[in-house]
Amino acid sequence: MPKTTAGPAAARRSAKAKLPEVPAPATSDVRRARKIDRVLAETYPDADIELDFDDPFQLLVVTVLSAQTTDRRVNSVRPALFGRFPDARALAEADRADVEEIIKPTGFFRAKSERIIALATALVDRFGGEVPPRMDDLTTLPGVGRKTANVVLGNGFGIPGFPVDTHVQRVGRRLGLLDAAALKDPVRAEMVLDRLIAKKDWTMASQRLIWHGRRCCHAAKPACGACSIARWCPSFGEGPTDPEVAAKLLRTEGRA
């Protein structure tokens with residue numbers, strides 16, 4: 001009997017089955033998390049995704065390209081990439097060498113070229129070239145995990161999602177929002193944060209944590225003395241606490 005391969009429907013069922021269950025947080029933890037988010041909203045009123053895009057297809061592709069590079073580099077190649085390959089069908093039919101040449105500044109360009117061409121091909125074959133506005137469909141696409149899917153849902157379709165990247169994990173750890181188990185598993189971290197923050201705020205709460213991680217709560221030396229949410233942070237003191245010293249560590253822009 002020939003061996004069968006699981007299709008997209010089976011992949012969707014499998015993805016659902018693997019979602020970890022997390023306990024309901026204490027009311028005090030929910031209140032603290034939401035207070036932190038409100039203060040971050042005041043601190044970063046202009047917080048928004050730092051990748052440029054014109055539509056969900058572009059957003060999906062640039063999010064995949066943003067792995068292990070900066071948003072600025074991805075933004076720099078975007079006009080040429082989509083000027084040449086404006087939609088999923090054009091990218092699916094692209095010569096890989098042409099794509100590689102355009103996206104070379106983003107690093108790992110050979111693997112990324114293969115990935116986004118495969119992604120475009122899957123969109124054409126399975127979804128008529130359109131980006132599906134559903135988590136269970138997005139995560140069946142090549143190279144698309146829950147983080148990328150949440151970025152696309154939240155910023156491309158206005159559907160709440162909580163993308164968890166290294167900034168969200170780091171800031172979440174320092175704030176005591178994420179425990180050791182969540183830090184080992186970004187999907188578990190997403191489930192924990194989903195329970196702490198109101199669903200309508202998921203996308204922007206994630207973006208604010210990312211901005212805070214890029215501008216203040218740096219990996220090597222956080223600017224503790226200049227942090228707007230220091231009073232709620234159990235890790236206060238990991239970086240300089242003197243306001244003048246800490247202020248010099250602040251960035252007005254992230255690593256875009």
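At 46% relative accessibility, Arg73 counts as partly exposed, a class that lies between buried (under 20% relative accessible area) and exposed (over 50%), judged with a 1.4 Å probe and protein chains only. The model is predicted, so local features need pLDDT of at least 70 and side-chain atom pairs count only at pLDDT 80 or more, while totals for chains, interfaces and linings use all residues. Residues are numbered from 1 along each chain as its sequence is written, and side-chain values use heavy atoms, with hydrogens and water left out.

Not counting residues up to four places away in sequence, Arg73 touches Pro105 and Thr106, a contact being heavy atoms within 4.5 Å. Leu138 is 65 residues from Arg73 in sequence, and their C-alpha atoms are 25 Å apart in space.

Helix 4 also holds Phe82. In contrast to the partly exposed Arg73, Phe82 is buried, because its relative accessible area is 7%. Its contacts, leaving aside neighbours within four places in sequence, are Phe57, Gln58, Val61 and Val62.

The wider view comes next. An α-helix has 3.6 residues a turn, so residues three or four places apart point the same way. For the overall dimensions, a compact globule of 256 residues would have a radius of gyration near 18 Å, and the 20 Å of the protein chain agrees with this; the radius is taken over C-alpha atoms, and the globule rule is 2.2 Å times the number of residues to the power 0.38. Along the principal axes, the C-alpha atoms fill a box of roughly 60 × 40 × 30 Å.

Of the 256 residues, 48% count as buried. Among contacts with a separation of 6 or more, 63% come from residues 24 or more positions apart. The chain exposes about 13,100 Å², of which carbon and sulfur atoms supply 50%; these areas come from the Shrake-Rupley method with a 1.4 Å probe, and for residues only the protein chains shown count as cover. The mean positions of the 40 positive and 32 negative charges are 5 Å apart. Here Lys and Arg count as positive and Asp and Glu as negative, with His and the chain ends not counted, and a charge is placed at NZ of Lys, CZ of Arg, CG of Asp or CD of Glu.

Leu19 sits in the loop between helix 1 (8–17) and helix 2 (27–43) and is partly exposed, with a relative accessible area of 30%. Leaving aside neighbours within four places in sequence, Leu19 is in contact with Arg146, Val187 and Met191. Met191 is 172 residues away along the chain, yet the C-alpha atoms of the pair are separated by 8.3 Å.

Gln68, in the loop between helix 3 (56–65) and helix 4 (71–84), has a positive phi of about 60° although it is not a glycine. Gln68 is exposed, with a relative accessible area of 67%. Phe108, in the loop between helix 6 and helix 7 (109–127), likewise is not a glycine and has a positive phi, of about 50°; at a relative accessible area of 53%, Phe108 is exposed.

Leu141 lies in the loop between helix 8 (135–138) and helix 9 (146–156), but counts as buried at 3% relative accessibility. Beyond its neighbours within four places in sequence, Leu141 is in contact with Leu60, Leu119, Ala122, Leu123, Arg126 and Phe127.

Glu100, in helix 6 (residues 96–103), is buried, with a relative accessible area of 15%, and touches Phe109, Arg110 and Ser113, not counting residues up to four places away in sequence. Helix 13 is mostly covered, with 13 of its 14 residues buried. At 1.5 Å a residue, helix 13 (residues 202–215) should span 20 Å, and its end C-alpha atoms are 20 Å apart, which agrees; the expected span is 1.5 Å times one less than the number of residues.

Terms used:
Helices (H or I, at least four residues) and strands (E, at least two) are DSSP runs, numbered from the N terminus.
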